[in-house]
Amino acid sequence: MLLEGVLAIQPEGCVTIAGISTVWPTGTTLEYAEDEIVLVDQNGAVRAVVGDAIKVGGGPLGSPDGGTVGCEGDQKFGVTEFMD
């Protein structure tokens, strides 16, 4: 399944794409780089900047009220791959 939209950080700390909370592979991080927040994959490659349009593959995750701290009740998308 494909999810595409703008990468954002919500006030409660949730990372979203097109308003959908996302859960990322182990080792994926957000880092500050030159006054921007960047999404870095588990191999250390910068994949996107917050505010960029992004495409990822994956699928919906189970219970809508579990899994992502601060994002309870939101629909969640488990990211399995980056689409370039």
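## Strands and overall make-up

Two strands are taken to pair if DSSP finds at least two bridges between them. Strands are DSSP runs of E with at least two residues, helices are runs of H or I with at least four residues, and both are numbered from the N terminus. On these terms, five bridges join strand 1 (residues 2–9) to strand 7 (residues 53–60), and the two run antiparallel. This is a predicted model, in which local features need pLDDT of at least 70 and side-chain atom pairs count only at pLDDT 80 or more, while totals for chains, interfaces and linings use all residues. Residues are numbered from 1 along each chain as its sequence is written, and side-chain values use heavy atoms, with hydrogens and water left out.

The protein has eight strands and zero helices, giving the pattern β-β-β-β-β-β-β-β along the sequence. Of its 84 residues, 37% are buried, where buried means under 20% relative accessible area, exposed over 50% and partly exposed in between (1.4 Å probe, protein chains only). The accessible surface comes to about 5,000 Å², with 52% of it belonging to carbon and sulfur atoms; areas come from the Shrake-Rupley method with a 1.4 Å probe, and for residues only the protein chains shown count as cover. Contact means heavy atoms within 4.5 Å. Among contacts between residues at least 6 apart in sequence, 45% join residues at least 24 apart.

## Pairing of strands 1, 7 and 8

Within the pairing of strand 1 with strand 7, L2 has G57 in strand 7 as its bridge partner. Strand 7 also pairs with strand 8, in the antiparallel sense and over six bridges. In that pairing, P60 stands opposite F77 of strand 8.

## The open sheet 4-5-6

Three strands, in the order 4-5-6, form an open sheet with antiparallel pairing. Strand 4 (29–33) and strand 6 (46–49) are at the edges and have a single partner strand each, so one side of each lacks a neighbour in the sheet. From one strand to the next the twist averages 35°, with axes fitted as lines to C-alpha atoms and angles running from 0 to 180 degrees between N-to-C directions.

Strand 5 (residues 36–40) pairs with strand 6 over three bridges, in the antiparallel sense. V38 has V49 in strand 6 as its bridge partner.

T16 belongs to strand 2 (residues 15–17) and is buried, at a relative accessible area of 3%. Its side chain makes a polar contact of 2.9 Å with the side chain of Q10. A polar contact is a pair of N or O atoms within 3.5 Å; within protein, one must be able to donate a hydrogen and the other to accept it, and residues adjacent in sequence count only if both atoms are side-chain atoms. Leaving aside neighbours within four places in sequence, T16 is in contact with V6, L7, A8, Q10, S21 and T22.

G19 lies in the loop between strand 2 and strand 3 and is exposed, at 64% relative accessibility. The C-alpha atoms of G19 and I9 are 9.4 Å apart, with the two residues ten apart along the chain.

## The aromatic pair

Rings of Phe, Tyr and Trp (its six-membered ring) pair if their centres lie within 6.5 Å; planes under 30 degrees apart count as stacked, over 60 as edge-to-face and the rest as tilted. The count by this rule is one aromatic pair. W24 and F82 form a stacked pair, with 5.8 Å centre to centre and 20° between the planes. W24 is in the loop between strand 3 (20–23) and strand 4, and F82 is in strand 8 (residues 76–83), so the pair ties together parts 58 residues apart in sequence. W24 is buried, with a relative accessible area of 18%, and F82 is buried at 16%.
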